[in-house]
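Okay, hi everyone, thanks for making the time. Let me put the model up on the screen, and then we'll walk through it together.

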Amino acid sequence: MSSFDMGVEASTALRLGALLLSAGAPGYRVTRAVKRCARAMHFDDADVVVGFDTITCTVHRGDNFRTLVADLPLPGVNASRIEALENLTKHEMHRYTTAEEINAAIDEIEAIPTPRWGPLTSSCAAGLACGGFAVLNHFSYFTALLVIIAAGVGQYVRLRLGRRHLLQLGVVMAAALVSTLLFLALAWALPHSDFELSAGFVPAILYLVPGFPLFVSLMDLSRFDFTSGLPRLFFALEVVLTMMLTVAVIAMVTDAPAPSTVSATPDPAFYGAAALASFVSVGGFAILFNASRRMTLLAATLGTVANVLRLMLVDAHVEYFLACLLGTLVIGILGSWLGQHFRVPRTTVTIPAAVVMIPGPTIYAALHQITNGNISAAIDSTTAVVLTVLFLSGGLTVARLLTDKNWAFQRTVEFRPLEEP
């Protein structure tokens, strides 16, 4: 085997990992995929370091080694590509032994049209996802209607600016600005008695929440994978702060009122509406993550079951944070079964199902309190947001410990042909 051939093979393994990382896959999955690829080409070992937008791969064969580094554009979320690459590495890689064969398989995956959904479908999905979130938080159907329109238009603006390669924080600011101002304009033009101005601010921009990188970062950090987890976490926090500060500025300029506590007596009618809203909202977020029809349906079904259970637990006076943990624990356990049965990556169905549980109104309350100088109340609200996200992530982590032995016991890919995929 010439040094040139070894370099080509190393480049092939790196290419696979780079594609998976750029699609938003967790660092753990990227590492295992690269190792499986290296093993298929008969390398003796592979060392992989995964960052947020960089990946380093060193492959070994005897006394020789090759180290390659890839610097990627800012990763996005492409659930369909994660599914295709995961199926290749977990179920098909044993069929290939040369770089040419593996590159041909990767070429087929890259040839799949992306994004899977067009701008109109994606905009409708964003609107419905945010509208469903408004219903889940006991806001009126009129408010939800305005949210659907404002979020849909904002998502369309986001897509157009993204295609022009505007800096992502600029895209977030512009989309949040459009959605918020449109919501205000609609509220002014279409007055309604059953309406609260502050109610629609946060639901109208929730399509901008980086739920996928946020939960992936926390899962990476739970395995002490700081190289991948910390940059993802800071990226997610930057996006959240940008969108919420944009809304805060609009709220100060327009003198929007503080969010009021919405109380509603639980009844079968609400649970029916919550089930439908959960299905629509989770399905919408899955489409935004470029999931396939099958993954969208699986995620929506899973999210409906878990979120209605969470709401019932809260209404039964179970501690809110415990209800969040139990909700995502159900998501993680059922998501593992769905992933094995339907051969889809669990993250592509569990994360969309968990995103709908993020407490958007509490985030807005914290920012509103900060801008009004009520620091003590702002600290309380911010703490509630952080704890909620941590408990949501905790449920997914515990479920992973219970259902994935390789993940729980940190088993690495053995470089031997008899290892199970």
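Let's start with two helices and who touches whom. On the α6 side, Thr143, Leu146, Val147, Ile149, Ala150, Ala151, Val153, Gly154, Val157, Arg158, Leu161 and Gly162 are in contact with a set of residues in α7: Val171, Ala174, Ala175, Val178, Ser179, Leu182, Phe183, Leu186 and Ala187. Before I go on, please keep in mind that this is a predicted model.

So how do the axes of these two helices sit? Helix α6, residues 141–163, and helix α7, residues 168–189, have axes that come within 8 Å and cross at roughly 150°. Angles over 145 degrees count as roughly antiparallel, so that is what we call α6 and α7. The crossing of α6 past α7 is right-handed.

Now look at the loop between α6 and α7, where you'll find histidine 165. Its phi is near 65°, which is a positive value in a residue other than glycine. Is histidine 165 buried or exposed? It's exposed, because its relative accessibility is 70% and the cut-off for exposed is over 50%.

There's another one like that to compare. Asparagine 290 also has a positive phi, near 65°, and again that's a residue other than glycine. You'll find asparagine 290 in the loop between α10 (268–288) and α11 (293–315). This one counts as buried, because its relative accessibility is 7% and buried means under 20%.

While we're in loops, go to the one between α4 (99–110) and α5 (119–136), where proline 115 lies. The peptide bond joining threonine 114 and proline 115 is cis, with omega about 0°.

Next, the inside. The largest nonpolar core has 123 residues, and the members that touch the most others are Val30, Ile55, Tyr207, Leu208, Phe215, Met244 and Ile331. Which helix gives the most to this core? That's α9, residues 226–254, with ten residues. Take tyrosine 207 from that list: beyond its sequence neighbours up to four places away, tyrosine 207 touches several residues, including Ala151, Gly154, Ala175 and Phe285.

You'll see leucine 85 in helix α3, residues 79–92, and it's buried, with a relative accessible area of 0%. Leaving aside neighbours within four places in sequence, leucine 85 is in contact with Leu16, Leu19, Leu20 and Ile109. Glycine 17 is 68 residues away along the chain, yet the C-alpha atoms of leucine 85 and glycine 17 are separated by 9.2 Å.

Last stop, the sheet. We have three strands in an open sheet, in the order β1-β2-β3, with antiparallel pairing. On average, neighbouring strands here are turned by 10° against each other, direction ignored. Helix α2, residues 27–40, packs on this sheet and touches β1 and β2, and its direction makes about 155° with that of β1.

How many bridges are there between β1 and β2? Six, and in one example valine 49 has threonine 56 in β2 as its bridge partner. β2 and β3 are joined by eight bridges, and there threonine 54 stands opposite aspartate 71. The hairpin of β2 and β3 has two residues between the strands, and glycine 62 there takes a positive phi near 65°.

Key: Residues are numbered from 1 along each chain as its sequence is written. This is a predicted model: local features need pLDDT of at least 70, side-chain atom pairs count only at pLDDT 80 or more; totals for chains, interfaces and linings use all residues. Side-chain values use heavy atoms; hydrogens and water are left out. A nonpolar core is a set of buried Ala, Val, Leu, Ile, Met, Phe, Trp, Tyr and Cys residues joined through side-chain atoms within 4.5 Å. Buried means under 20% relative accessible area, exposed over 50%, partly exposed in between (1.4 Å probe, protein chains only). Helices (H or I, at least four residues) and strands (E, at least two) are DSSP runs, numbered from the N terminus. Contact means heavy atoms within 4.5 Å. Two strands pair if DSSP finds at least two bridges between them. Axes are lines fitted to C-alpha atoms, for helices over the stretch in contact, and angles run from 0 to 180 degrees between N-to-C directions. Angles under 35 degrees count as roughly parallel, over 145 as roughly antiparallel, 65 to 115 as roughly perpendicular and the rest as oblique. A crossing is left-handed if the near helix is turned anticlockwise from the far one by less than a right angle, and right-handed if clockwise.
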